[in-house]
Amino acid sequence: MEIKAADVAKLRKMTGAGMMDCKKALTEANGDFDRAQDIIREKGKLVASKRADREATEGVVAARLTDGNKKGYMICLACETDFVAKNEEFIKTANEMLDIAIKNDVADLEALKALKVGAQTVEEMVTEKSGQTGEKIELTYYAKIEAELCASYVHMNNKLGTLVGFNAQIPAEVAHDVAMQAAAMAPISISKEDCPADVLEKEREIGREQARLEGKPEAMLDKIAEGKVNKFLKESTLLNQALVKDNKLTVAEFIRNANKEATVVAYKRFSLND
């Protein structure tokens, strides 16, 4: 049967698929729009399956604050190429998925993927996007924080973002500077207290081995290793890092100068380049 250009355009608007894909789907479905939509969804699954071994290393990181800046949400929708990542429709899709997460106050990535939106889960929506772009598309990251005050930062390339939560109110520019600090300096944790024990033990082992290779007495190895751990904590935990804007201050001191009761109580960072 003849497939009219208006019908192709209508299906494209309904699905977001390419014009040729829409025409082929309508032809196969003999003009049945419901069946044509199913065909496009099936194509998405086929594309996703064929490209399962590919790496989705490009994409879009998006973040947003709600509830008077007491909640923060961040998401990453990943793809294979920078060309797709910069496409307006792809960026719109990433933000729509963030909207869905916020509306449903989703707790974690698996819950977001399983969330039903109409007849589809969010994960099925992502698979459908693979069919539209011809690339492997993945929802690779999602985080939510809650605190007395939250701040977010997304780098201008949309590939790196942070969420930081504070236990007390501080000026917005101070909170923003801390979120930018976290983006730039990639702290492993907020402080020593939440730094993974295995990470600290690995630093101790490295310190001991380095000292041993330098010929230090065995009795001194543990002390030297603890010195290495303390140096690591100073460089790699957010509150102990030197402030990028003024390295005479630690981040903790910078925050306390704004409010002596304030500190960081939540922190998330995601980068497509890590």
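This is a predicted model: local features need pLDDT of at least 70, side-chain atom pairs count only at pLDDT 80 or more; totals for chains, interfaces and linings use all residues.
Figure 1. When residues up to four places away in sequence are set aside, Asp177 touches Lys245 and Phe254.

**Figure 2. The aromatic pair formed by Tyr141 and Phe270.** A search of the whole structure returns 1 aromatic pair. The ring centres of Tyr141 and Phe270 are 4.6 Å apart and the ring planes meet at 20 degrees, so the pair is stacked. The stacked class applies because planes under 30 degrees apart are counted in this way. Tyr141 is part of strand S5 (residues 138–146) and Phe270 is part of strand S8 (residues 264–271), so the pair ties together parts that lie 129 residues apart in sequence. Tyr141 is buried, at a relative accessible area of 16%. Phe270 also counts as buried, with 17% relative accessibility.

**Figure 3. Lys10 over the ring of Phe33.** The view shows a charged side chain placed over an aromatic face. Lys10 lies over the face of Phe33, at 4.5 Å from the ring centre.

Figure 4. Three strands form an open sheet in the order S1-S2-S5, and their pairing is antiparallel. Strand S1 (58–66) and S5 are the edge strands, each of which pairs on one side only. From one strand to the next, the twist averages 10 degrees. S1 and strand S2 (residues 71–79) are paired in the antiparallel sense over 9 bridges. Within this pairing, Glu58 has Cys79 in S2 as its bridge partner. Helix H5 (residues 88–103) lies across S1, S2 and S5 and runs at about 140 degrees to S2.

Figure 5. The structure holds 0 disulfides. Cys76 takes part in no disulfide; the nearest cysteine sulfur belongs to Cys79 and is 8.5 Å away. Cys76 is buried, with a relative accessible area of 0%. Cys150 is likewise buried, at a relative accessible area of 3%.

Figure 6. Strand S7 (residues 160–166) is mostly covered, with 7 of its 7 residues buried. Both faces of the strand are covered: Leu160, Thr162, Val164 and Phe166 are buried on one side, and Gly161, Leu163 and Gly165 are buried on the other. Strand S6 (residues 149–154) is joined to S7 by 6 bridges, and the two strands run antiparallel. In this pairing, Tyr153 has Thr162 of S7 as its bridge partner. S7 is joined to S8 by 7 bridges, again in an antiparallel arrangement. Here the bridge partner of Gly165 is Ala266 in S8.

**Figure 7. The hairpin of S6 and S7 and the position of His155.** S6 and S7 form a hairpin with 5 residues between them. In the turn, Asn158 has a positive phi of about 60 degrees. His155 is located in the loop between S6 and S7. With a relative accessible area of 28%, His155 is partly exposed. His155 and Glu201 are 46 residues apart along the chain, and their C-alpha atoms are separated by 32 Å.

**Figure 8. Glu205 in helix H9.** Glu205 is found in helix H9, which comprises residues 197–213. At 46% relative accessibility, Glu205 counts as partly exposed. The value lies between the limits of 20% and 50%, so neither the buried nor the exposed class applies to Glu205. Glu205 and Glu226 are 21 residues apart in sequence, and the distance between their C-alpha atoms is 9.8 Å.

Methods:
Residues are numbered from 1 along each chain as its sequence is written. Side-chain values use heavy atoms; hydrogens and water are left out. Rings of Phe, Tyr and Trp (its six-membered ring) pair if their centres lie within 6.5 Å; planes under 30 degrees apart count as stacked, over 60 as edge-to-face and the rest as tilted. Helices (H or I, at least four residues) and strands (E, at least two) are DSSP runs, numbered from the N terminus. Buried means under 20% relative accessible area, exposed over 50%, partly exposed in between (1.4 Å probe, protein chains only). A charge sits over a ring if NZ of Lys or CZ of Arg is within 6 Å of the ring centre and within 35 degrees of the ring normal. A disulfide is a pair of cysteine sulfur atoms within 2.5 Å. Two strands pair if DSSP finds at least two bridges between them. Axes are lines fitted to C-alpha atoms, for helices over the stretch in contact, and angles run from 0 to 180 degrees between N-to-C directions. Contact means heavy atoms within 4.5 Å.
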